[in-house]
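Try each task before you read its solution.

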Amino acid sequence: MKTLSFTSPLEMAASEKSWAWWQERKLQHQGNFSVNPFLKDFSLVRRYFGKKSIGFSSSQEKEYQEMAGWKVPFALWSEQKIARTQLLLELSNLSNLSHLSETLYQETVEKCYYYGDNNEQIAVLQSLFLLPNCSRFVSLALDTIRTNVMTVFTGLACENPFPAICLDEHSFNNVVLKALFSEVPLGAILGLKQRHNGSLADMIHDWMDEREAARRPIPTDIWRILCNDKSPRTQERIRRYLKGEDSEHRYGVAYFLNETSSLLYQTEIIQQLEQEKDNKIHALLERIVEP
Amino acid sequence: MKIFDPHIHMTARTTDDYVAMAQAGIVAVCEPAFWLGQPRTHVGTYEDYLKTIIGWERFRASQFGVHHFCTIALNPREANNSKIAQGVMELLPLYLHKESVLGIGEIGFDDMTADEEKYLRLQLELAKEHSLPVIVHTPHRNKKKGTERSIAIMKEVGNQEELVVIDHNTEETLPIVLEQTNCWAGHTIYPQTKMSRNRMVGLVQKYGVERILINSSADWGVSDPLNSIKTIQLMREASISEKQIETLFWDNPVQFYLPSGNLDLKEIQTPPQIDQRKFWEGNSVLRGQTPLVETNQEESE
């Protein structure tokens, strides 16, 4: 990963007063670092930078995504979030230059989260993957998995590669389950396909059993996960929903099967094609059997 | 009309209360830090309480369409608890700059002890240092003396009086606040103690609306989070104008808290989006193909 810096877009976004503050506090931290003034500045960012998105062009965003190695929607990040990310990036640079010890660096990032309000915690969580050796911050993510504040949880779970990069299987699965449970879109979880595992599919099936028994709705993007799985339990369920009464689920199954190259369900799909009345689903099914 | 309750302890209230408040037009609330009905025995529990009013309670309120803000402080009762008082004072600067913190409060006298005075003074100094609004609680017993003493200390510390509310006034203390200071005068409508709705109508008829704040302060005791609304009804019956009512229940609280720098006037004009997840619906299969979370935050911030 090349060294990533948001300094120039921040300068573009900042007023003269904000930029003067930004420069001044940078010199202070470089000269004589201590934790509490850094935490204060991490909060005070909101006084100097706006809540509106930084407004990258698509080519700028792409450039940042290439440097970051992940398709993170930086163009939608607020000026405040970008500024806080840059503060943490600078903190890691200070650590590289031995202005502060590794321990103090880690402690400072953790304190930004620990003392942070909801938006500050989100900024920390979404910045983590850009920091060197980011797996040292796993404990913050584990804390977030237990939060009830959904905006903070989605800060970890959605459009953030940190869970896929750093969490073990059990914790990653917990992120996915909680997202599912809270009606968070699964498509926003990065690395879902790469981190697919049999336990996750099992957990999803148990949850679906429960929902079916209670006759409660099941999100139709659940097939985003199950269509990556080939266990007998998954095959049974896909076959059942493929010809089920719920057209949204039939669409979900067809949509995500079409994204895989699985040939497991050819017979059922051909049978379903004969009776499928919904044109959109029909078209998807046709594409699967005759690619 | 929109209502801003400038002093209400929502952590003690139920979700039904939030629903009723939002329906009645309460768009924003400020929750001052106070005690929990029994004394805390650790600084850590106090810190978690501060985290709660800054974090979880703000989110909880947003789920019901209410903007939640807070003020943080060592409250008068627990100022007497030497085991935690100093530790809480050390925590305050770490949370003072958070997005939803509108100032320092509630501080002041309860039993009029030396410790209460010490921490009242220290926190007035903290408010002065950061130019923040501050809520000064006045005692239930010995209210007049407590109010006079609080004002005297505030004048010694030299706080900008427009940033101070002397709270929980009665017929005896209101004229003191209005005549001797430029502070705001707060009134807490309680079913049985403090100030009643009818008496409040009388005070507004006598003293007008300038520098007057009214709150329901509802907490874990016998209290009613809709007291502000019920007082408005009585005011209408007493022919107090809509303009004056709006000044009392919206303009004044907004004007009082505005110097905190944390009130976004445009943002509080409308209630927060009730269920943020609704942005993710629409295309139930494809949801999440675009980075919806962030869009969602931008909309709600």
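**Exercise 1. Find the buried residues of helix α5 in chain B.**

Solution. Start with the list: A85(B), G87(B), V88(B), M89(B), L91(B), L92(B), L94(B) and Y95(B) are the buried residues of α5(B). Buried here means under 20% relative accessible area, while exposed means over 50% and partly exposed lies in between (1.4 Å probe, protein chains only). Helices are DSSP runs of H or I with at least four residues, strands are runs of E with at least two, and both are numbered from the N terminus.

A note on the ground rules: this is a predicted model, in which local features need pLDDT of at least 70 and side-chain atom pairs count only at pLDDT 80 or more, whereas totals for chains, interfaces and linings use all residues. Residues are numbered from 1 along each chain as its sequence is written, chains are lettered from A and ligands numbered from 1 in the order in which they are written, and side-chain values use heavy atoms, leaving out hydrogens and water.

**Exercise 2. Describe the aromatic pair of W35(B) and W220(B).**

Solution. First, the rule: rings of Phe, Tyr and Trp (its six-membered ring) pair if their centres lie within 6.5 Å; planes under 30 degrees apart are stacked, over 60 edge-to-face, and the rest tilted. This rule gives 28 aromatic pairs over all chains. For W35(B) and W220(B), the centres are 5.7 Å apart and the planes stand at 80 degrees, an edge-to-face pair. Then place the partners: W35(B) is in the loop between β2 (26-32) and α2 (43-54), and W220(B), 185 residues away, is in the loop between β8 (212-215) and α10 (227-237). Finally, check the cover: W35(B) counts as buried because its relative accessibility is 18%, and W220(B) counts as partly exposed because its value is 42%.

**Exercise 3. Which residues form one aromatic cluster in chain B?**

Solution. Look for F4(B), F69(B), W184(B), W250(B), F256(B) and Y257(B).

**Exercise 4. Locate the charges over the rings of W22(A) and F153(A).**

Solution. The test asks for NZ of Lys or CZ of Arg within 6 Å of the ring centre and within 35 degrees of the ring normal. R25(A) lies over the face of W22(A), 4.0 Å from the ring centre. Over the ring of F153(A) sits the charged end of K178(A), at 5.3 Å from the centre.
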